[in-house]
Amino acid sequence: MNTEELFTPLTCLERAALLDEKAEMPSISPLRLAWGQLVKKKSALLGLSLLILLMIMAIIGPYLSPYKYYEINLPLRNQPPCRNYWFGTDDLGRDLFTRCWWGARISFFVGISASTIDLIIGVLYGVCAGFLGKKIEMRMMRMLDIFYSIPYLLFIILLITVIGSGVFTIILSLALIGWVNMARIVRSQILQIKQQGYVQAAFALGATRWHIMRKHLIPNAVGSIMVTLTLTVPWAIFVEAFLSFLGLGVQAPTASLGMMIHDSLYAIRYYPWRLIVPASCISLSLLSLNLLAEGLREILNPRHMQ
């Protein structure tokens, strides 16, 4: 092939054939592209696999043992792990295997519920604060600063003391203060996105604010929202375990990982498995979520989306 043939203009039929070939090529959605990047990242894939395994065991684990989490058997108290009691027993003869996975179920329920409420409130508040104008933004941010200045742990403890302890009280207390961080992050993302050309073009074409928020702003902030959500879940799990450790969370006879750690502290020298079991469950849960969040932070970064 000579040089003249290389620079020969394409005919109409050849161009039409090229356009048809491009149209037939399958398009890759951003979600599918992100999943492909997630599979390649070993740490994020390990975190996701471990998280799925823990959640499955939290659902089916209590049913794999013939013992109930509240079933007391004093003659078999403080039994080491064996064939009948896979994780051993506590000072009341209760099966630690059943109690561990029941406590993990409560921890995941509290973490996911509180994070979902934080997601809804934080995203709506952050989008409105970053998009509805300077006066509204200033007022909303001052209110956000007031919430942000409240010591969240002290606020949660006071609320639980007034209302009473329990799972739904913990979820309510976490939801009332946990959305602040989500709102701040979403607002900063919206301030950047609304300066983009496609948003300005949508304004020029007469699109409504609700349409722009729903079609352009929120979808393009999904990356930061997902990373923040993934970090909110372990925070809620840790707070629930900490409150239960202090005696302000889930109350007996309901099993809780934090309560199990509290009850096993005095016996750590003689019955270490009583502390190792719930502490390992909490540690693995937090580790899996943090590995997944770190992987999502890199994968959902536009510089890595190739």
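Select L257. Beyond residues up to four places away in sequence, L257 touches C100, G103, A104, S107, P278, C281 and I282; contact means heavy atoms within 4.5 Å.

This is a predicted model, where local features need pLDDT of at least 70, side-chain atom pairs count only at pLDDT 80 or more, and totals for chains, interfaces and linings use all residues. Residues are numbered from 1 along each chain as its sequence is written, and side-chain values use heavy atoms, without hydrogens and water.

Next, select C100, W101, F108, I237, L257, C281 and I282. In the largest nonpolar core, of 28 residues, these touch the most other members. Such a core joins buried Ala, Val, Leu, Ile, Met, Phe, Trp, Tyr and Cys residues through side-chain atoms within 4.5 Å. Buried means under 20% relative accessible area, exposed over 50%, partly exposed in between (1.4 Å probe, protein chains only). Helix 13 (273–299) is among the elements giving two or more residues to this core. Helix 13 gives the largest share, 9 residues. Helices are DSSP runs (H or I, at least four residues), numbered from the N terminus.

Now F131, M182, I193 and A221. They are included in a second, separate core of 15 residues.

Move to T169, in helix 8 (residues 167–193). T169 is buried, at 12% relative accessible area. Leaving aside neighbours within four places in sequence, T169 contacts I160, I163 and G164.

Go to the loop between helix 4 and helix 5, and pick N78. Phi of N78 is near 55°, a positive value in a residue other than glycine. Most residues other than glycine have a negative phi. N78 is buried, at 14%.

Last stop: W86, in the loop between helix 4 (42–64) and helix 5 (96–131). W86 is partly exposed, with a relative accessible area of 44%.
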